[in-house]
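Dear colleague,

I am passing on to you the structure we spoke about, and below it you will find a short account of what was found. Please keep the picture open while you read, so that you can follow each part in turn.

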Amino acid sequence: MNKRLVAALGTVVLGGAVIAGLGTYVASAKNDSRVLAATPAGTMETPQGKLPHYTLEMAAYPDSMAGSHGKDGGVHADWVTYGPVTNFQVPAHSAITITIKQYDSGARLNNDFFATVHGTIDGTATINGVAVKSVDPEAVGHTFTVHGLADAKSSLFVSVPLPAVPDEKLPPTGYTTNPTTVTFTFITGDAGDYVWNCEYPCGDGTTARFGGPMSTQGYMAGNFHVVNA
Amino acid sequence: MTTVLDHPTSAPGNSAMKRPLIERLNVFTAFGLGIISAIVFWYLARTFLPENTEGSFIKTRLDAVTIIAMLGWFFGFMTGIGALIGPFRWLLGKDLDHDESMFYAGKDQGIKRYFRYTTDHKVVGIQYLVITIIIFFVGGTLAMLIRMNLGHAGGGWLQPQTYNAIVGTHGIVMIVGTIIMITGPFGNFIMPIMIGARDMAFPRLNALSFWLIVAAIPPMLSSFFFGGISTGWSAYAPLASQAPPGMDGYIMFIVIFAISTMVAGANITTTVVKMRAKGMTWNRTPIFIYGVVASVALALPVFPLFFLSQVMSAMDRAVGSTFYDVRGGGSGWLYENLFWIMGHPEVYVILIPAVAALMEMAPVFTRRPLFSFNTAIMGIAGISGLSILVWAHHMYVTGWAPLLNGPFMLTTELISIPTGMLFLVLIGTLWRGRLWMTMPTASIYALLWNFMIGGITGIYLSDVPVDGALHGSMFVTAHFHYTLMGAGLTGALASLVFWFPKMTGRMFDRRLSWIAFWLVQIGFNVAFIGMFLVGLAGQPRRVDAYAALFNQGNSVTTMAAYSIMAGMLVLLYGVISSWTNGAIAPMNPWFAKTLDWTVPNPVPLENFEVLPVVTSDPYGYGKAQS
């Protein structure tokens, strides 16, 4: 074969290899590669019958001094964040109970839709032990909202508001010792990769505070993997 | 302008004395000074800007620091390359002496002149060619990452944020690459020779326009390390106001690029208007010149608005202005208007020179006069005029001025008439011509096919109700790729093969040009027809994951994208191997009749020993025998 054609073919192979290598690197470069898997907790009676039951525990902090960003808070110590990590893994076709401790203050939601509990069993969540279907949209700290298209047929949408800790109960430094505790249970469908994020505008930005931690995975957003058990 | 040939010159660099500053500045000093300056500015900004922005004029300290550091890079780079030597001399009431002008022109400097602030239009043309190739390599690599993600069943292989950053960067990088891909390399190298001039009207501005682009690229690429461009290439407010500091890289890139475009536009327009050879009346001016001038003249009024839109965006981010913030009396629609008043004419800034280049080649390869020269002029003028009246068809669904949707639909659909004129000219020239089948000849047919699909789908999208359904879908993505890539890039690749002999003194490897052509064209059509289909089925654009029903279409598109990639890499290899080891090109390998083919290879510093006098039109090939 003509030398020049062989060299051209070599260029194509080399170019393809460069792109494949770059792609593999970029795909593996996660904001936070750590994943918290749900803990088995026996079985649970649900409207869909008896299902395997799993639990997850997490927290929403007013800065990054806790959570996954290290003791010094990482590069954006003042950004609000979820913790201990922001990527979660739960089994498919199971009842998942999530408990979130909410340490942050808050204000009014942009969209009252997110003041209502969506996608949980009975459409309820318990806040400090009291079952509710919605909260006051004027005093929401954050939300935990799972959504997205999955590879599988079933979709998943769960959104739970996390009421704000009143300003007067916030200590001058450190975190409150009485966070708002929110617990809710939902049922997963088929396996798939979803994302979750906070829908309360708690980030940077001149317009609607959806920047900074709100637009950066690893703070107020992350992955939610539903996997086959 | 460097016009003196017989003046005795010294040999800069051979003197035992210390070399003057002008000879010591090059791309390496530019990068060095740029980086140092960026660090100094960054340090000063961090030191002196208030930590607590409450009550301060600073809105977001991080953005202010980032923008100031990038400004530091820009001033450092331009100083390091030597762009400020001339203006500084003027401030002192002096100008460059003869030897310095000759040095600036790159006389007797060999390959070093390509790494300096050289004013010779041919050097600038080659510099543009290389930077365009680099830009396409970066943009193409990002395109392949996008396709790898979407080729994965359901997508979602890359992190959503990473995917968005890649899409946004790919978009703006490719837009800039396509804007400069013809007017940059060929507009600079070929155009002055084609009109019988010794150089551009403002050679130093010519060098400035090129080095501004080089200065603009690092801020752009740095955005990947600051959160990326998560907004798509259009960078709408308020998305851009909330985006990570990577957005500042985008803003700086556009601001610098817009200055470059304005400078180049003024220079090229002045050159063509004032410096055409004696006897080159407007009726004897080659059609390629019309295409280049229409392109840059169109950019002249619209790029200042793009520039302005980004300055205002930077101010909203950094110093708390509210140009685009409704709470402060601003409006997101203001940004959209400013952006699209540039954004749609920009499509024709890209397309017109590409079509004009192929119109220039059509008579050469059919041995026939250009069919209806006046129709071609009217088509170019009609497109240019109408293109600044169509911008709001991008905004039908935004809610801005719904009563204007109808008029904008009308102006958009009207533009198909002058576009049809250009089709007519090309088909009329090909009709019964004696075809010399080269890669540029085949590119004319490819352009007609691709531009027909891009144009017709554009008419659908200009229709208000149809746009309501298809807006934001992959159908739109496929449409504009058919116009910008299918038509624009096809014309640019044909131009590369056509003018390669004049620019490098070597023939482009014929076989490689054909292999690249077919790999790119087949891959392109399969890829983007597949994209039309998933778009029609409802797949949204700018989303990293998709429903299972789009799997098949996306797999096909991704496989075909590999064919495009292979074709472009073959072409890249063809450029390198032909340039270094290709057959020596005769002075006029295509037997063309324009002035650019009357000068020897390599083209002398001042192009013509004696300025030519034009006595006939450039397409006097006689009529084809039927």
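Predicted model: local features only at pLDDT ≥ 70, side-chain atom pairs only at ≥ 80, totals over all residues.

**What was found**

If you consider the contacts in chain A with a separation of 6 or more, 68% of them are between residues 24 or more positions apart.

Next, consider where the two chains meet: 39 residues of chain B are in contact with 29 residues of chain A. On the side of chain B that touches chain A, at least two residues each are supplied by α6 (121–151), α7 (160–183), α10 (239–242), α12 (287–318) and α21 (551–581) of chain B, and α21(B) gives the most, with seven residues. Sorted by class, this side of chain B has 21 nonpolar, 13 polar and five charged residues.

Within chain B, a pair of helices deserves a careful look. Helix α17 (residues 439–462) of chain B packs with helix α19 (residues 474–504) of chain B at an angle of about 160 degrees, and their axes are 8 Å apart. Because angles over 145 degrees count as roughly antiparallel, α17(B) is roughly antiparallel to α19(B). The crossing in which α17(B) passes α19(B) is left-handed. Among the residues that meet there are Ala446(B), Leu447(B), Phe451(B) and Gly454(B) in α17(B), and Tyr482(B), Ala487(B), Leu493(B) and Phe498(B) in α19(B). The residues of this contact divide into 14 nonpolar, ten polar and no charged.

Phe498(B), one of the residues of α19(B) in that contact, also marks a bend: α19(B) bends there by about 45 degrees, and a proline, Pro501(B), follows within four residues. How many of the 31 residues of α19(B) are buried? The count is 29, so α19(B) is described as mostly covered. After α19(B) comes Gly505(B), whose phi is positive, near 80 degrees.

With best wishes

Key: Residues numbered from 1 in each chain as written. Chains lettered and ligands numbered in written order. Axes fitted to C-alpha atoms, helices over the stretch in contact; angles between N-to-C directions. Parallel < 35°, antiparallel > 145°, perpendicular 65-115°, else oblique. Left-handed = near helix turned anticlockwise from the far one by under 90°. Contact = placed C-beta atoms within 7 Å. Nonpolar A, V, L, I, M, F, W, Y, C, P; charged D, E, K, R; others polar. Bend = angle between axes of the 7 residues up to and from the residue. Buried ≥ 20, exposed ≤ 12 C-beta atoms within 10 Å, placed from the backbone.
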